[in-house]
Amino acid sequence: MRALLQRVSEGRVDVAGQTVGQSSAGLLIFVCAMPGDDTGTAESLALKISKLRLFKDEAGKMNLSILQTGGSALVVSQFTLAADTSRGNRPGFSGAAGPAEAETLYLHFAQSLSNLGIETETGTFGADMTVSLINDGPVTIWLDTNAA
């Protein structure tokens with residue numbers, strides 16, 4: 001799985017003018033399932049994210065995890081994280097998992113975060129979403145479970 005994390009002071013996802021998910025201070029997580037990913041991959045990624053020290057402690061250093069701060073997560077499906085730009089000018093997305101598998105893993109990932117004690121909301125899989133956020137820092141982290 002691939003994930004792009006942004007530390008935010010707030011985030012919101014709207015579909016057709018209606019808010020479907022939102023978060024206060026915490027993480028906005030764009031996530032993409034890749035071929036070969038499974039529920040174990042989703043759970044491992046959620047656990048890794050829950051422990052990443054991306055939040056400031058009382059000394060202003062990034063020493064605290066989302067679990068330690070009580071932050072929330074807004075999870076948004078983002079198949080374009082699988083973009084292949086190695087040829088031509090049009091990205092290819094054949095490296096993403098198929099829609100049915102991707103939706104299952106996306107929802108399992110979000111549930112895994114929730115099961116770890118992180119207040120979690122989501123966007124709507126496959127929808128044309130408008131994502132709004134206030135990036136805090138800015139802090140943006142790229143994770144790929146298949147990276148060496």
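## Exercises on strands, a pocket and aromatic pairs

In strand 6, Ser77 is the bridge partner of Val31. The model is a predicted one.

**Exercise 1.** Describe the largest pocket: how much space lies in it, and which residues lie nearest its centre?

*Solution.* 
- Step 1. Start with the volume. The largest pocket holds about 340 Å³ of space.
- Step 2. Go to the lining. It has 21 residues; Ser77, Gln78, Phe79, Thr80 and Gly126 lie nearest the centre.
- Step 3. Assign elements. Two or more lining residues come from each of strand 3 (26–32), strand 6 (72–77), helix 3 (99–115) and strand 8 (129–144).
- Step 4. The lining of the largest pocket divides into 15 nonpolar, 5 polar and 1 charged.

**Exercise 2.** Classify the aromatic pairs: how many are there?

*Solution.* 
- Step 1. Count. There are 2 aromatic pairs.
- Step 2. Take Phe79 and Phe93. Their rings lie 5.0 Å apart, centre to centre, with 75° between the planes. Planes over 60 degrees apart count as edge-to-face, and this pair is edge-to-face.
- Step 3. Locate that pair. Phe79 and Phe93 both lie in the loop between strand 6 and helix 3, so the pair ties together parts 14 residues apart in sequence. Phe93 is partly exposed, at 31% relative accessible area.
- Step 4. Take Tyr106 and Phe125. The centres are 5.9 Å apart and the planes 40° apart, which makes the pair tilted.
- Step 5. Locate the second pair. Tyr106 lies in helix 3 and Phe125 in the loop between strand 7 (119–122) and strand 8, so parts 19 residues apart in sequence are tied together.
- Step 6. Tyr106 is buried at 2% relative accessible area, whereas Phe125 is partly exposed at 27%.

**Exercise 3.** Take Ser112 in helix 3: is Ser112 buried or exposed?

*Solution.* 
- Step 1. Read the accessibility. Ser112 has a relative accessible area of 8%, so it is buried.
- Step 2. List contacts. Setting aside neighbours within four places in sequence, Ser112 is in contact with Glu43 and Ala46.

**Exercise 4.** Examine the backbone: what joins Gly137 and Pro138, and what is the phi of Ala16?

*Solution.* 
- Step 1. Look at Gly137 and Pro138. The bond between them is a cis peptide bond, with omega about -5°. Pro138 is in strand 8.
- Step 2. Look at Ala16. Its phi is positive, about 50°, although Ala16 is not a glycine.
- Step 3. At 74% relative accessible area, Ala16 is exposed.

**Exercise 5.** Locate Gly36: how far is Gly36 from Ala96 in space and in sequence?

*Solution.* 
- Step 1. Find the loop. Gly36 lies between strand 3 and helix 1 (39–51).
- Step 2. Read the accessibility. Gly36 is exposed, at 67%.
- Step 3. Gly36 and Ala96 are 9.9 Å apart, C-alpha to C-alpha, and 60 residues apart in sequence.

Terms used. Residues numbered from 1 in each chain as written. Predicted model: local features only at pLDDT ≥ 70, side-chain atom pairs only at ≥ 80, totals over all residues. Heavy atoms only, no water. 1 Å grid on protein atoms, 1.4 Å probe; cavity = no way out; pocket = protein on both sides within 12 Å on 5 of 7 lines; lining within 4 Å. Points joined across faces, edges and corners; volume = space filled by probe spheres on them. Helix = DSSP H or I, 4+ residues; strand = E, 2+ residues; numbered from the N terminus. Nonpolar A, V, L, I, M, F, W, Y, C, P; charged D, E, K, R; others polar. Pairing = 2+ DSSP bridges. Phe/Tyr/Trp six-rings, centres within 6.5 Å; stacked < 30°, edge-to-face > 60°. Buried < 20%, exposed > 50% of the residue type's maximum accessible area, 1.4 Å probe, protein only. Contact = heavy atoms within 4.5 Å.
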